Amino acid sequence: MTDDNTNIGLSRRRVLGGIGAIGIASAGAGLGTTAYFSDQETFENNTITAGSFALTVEQSVENIDQGGMGPDQIAYESDDEGVWGSSQIDIQDAKPGDEYKFCWDITVHDNPGYVVVVGDSMEQNGVDAENVQLSDLWDIDDMDDLSTIGESATATLTTTVDSVEHEQAYDSLAELLSSLESGIIVSDDEGPVTFQPGEAVTVCLEVMIPTDVGNEIQGATLTSSMMFYAEQARHNDAAGVLASATGSE
């Protein structure tokens, strides 16, 4: 049994503000924003010439069987190297058989680039979240029998490039969240995807709670911030962009 309270720390490059909670199990529907930064600037005859690069993330809910959708906003921040986009997912009132599918359409502009997905999550079992009491769960004897959504759910991350899906299945949502902590560069079957300007790549997260899960997840909660970091492919390799995203360079 892992610790029921998971709070993944963020490096200075991964801190984003202005992200609010968004409902029972929700993500934004069709909302997007574009953020620009310049990697090089020169002045000639009072005219600025910049090597420009931008990131657009549009988040949508493809399917939630328990309802409860609500709008979210994409928060953006840029630094000297790249640009961040961030959105949040909340799952509460989860039950066996629930299925969730969240998708993000990711587009870079002006120049080819690489995109890294980084996750920051916090989850609690139902008792720690103060949604239930142990005495209310007739088939649960002690705290060690409780589980989190991450431990109980399975997860699949799918990348769609040029209408072709590339799927990565995980034994548990907790395994995926752990991978996201270290950063996952958006890839297809051949390796990291070089995003072309104006051509959207879709990344979808599918979560399923098996029907054989019982009262151990009653009242459990999960909040995850999905963060997207992009840098130009010019003068950068995929490993370097991943290192920039996670602050490990």
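The following legends describe close-up views of a predicted model.

**View 1. Strand 14 and its two antiparallel neighbours.** Strand 14 spans residues 201-208, and six of its eight residues are buried. Strand 7 (residues 99-109) runs antiparallel to strand 14 and is joined to strand 14 by eight bridges. Within this pairing, Y100 has V207 of strand 14 as its bridge partner. Strand 9 (residues 154-161) is likewise antiparallel to strand 14, with seven bridges between them. Here T158 stands opposite C204 of strand 14.

**View 2. The stacked aromatic pair of Y100 and F102.** The model contains two aromatic pairs. In one of them, Y100 and F102 are stacked, with ring centres 6.4 Å apart and an angle of 10° between the planes. Y100 and F102 are both buried.

**View 3. The tilted aromatic pair of W104 and F228.** The rings of W104 and F228 form a tilted pair, 5.6 Å centre to centre, with 50° between the planes. This pair links distant parts of the chain: W104 belongs to strand 7 and F228 to strand 15, at a separation of 124 residues.

**View 4. The lining of the largest pocket.** The volume of the largest pocket is about 200 Å³. Its lining comprises 14 residues, and L157, T159, H166, Q168 and S187 lie nearest the centre of the pocket. At least two lining residues come from each of strand 9, strand 10 (164-170), strand 11 (184-185) and strand 12 (187-188). Strand 10 provides the largest share, four residues. Classified by residue type, the lining holds seven nonpolar, four polar and three charged residues. Strand 9, one of the contributors to this lining, is also joined to strand 14 by seven bridges.

View 5. Is D237 buried, exposed or partly exposed? D237 is partly exposed because its relative accessible area is 49%, which falls between the limits of 20% for buried and 50% for exposed. The C-alpha atoms of D237 and G113 are 9.4 Å apart in space, although the two residues are 124 residues apart in sequence.

How values were computed: Residues numbered from 1 in each chain as written. Predicted model: local features only at pLDDT ≥ 70, side-chain atom pairs only at ≥ 80, totals over all residues. Heavy atoms only, no water. Buried < 20%, exposed > 50% of the residue type's maximum accessible area, 1.4 Å probe, protein only. Pairing = 2+ DSSP bridges. 1 Å grid on protein atoms, 1.4 Å probe; cavity = no way out; pocket = protein on both sides within 12 Å on 5 of 7 lines; lining within 4 Å. Points joined across faces, edges and corners; volume = space filled by probe spheres on them. Nonpolar A, V, L, I, M, F, W, Y, C, P; charged D, E, K, R; others polar. Phe/Tyr/Trp six-rings, centres within 6.5 Å; stacked < 30°, edge-to-face > 60°.
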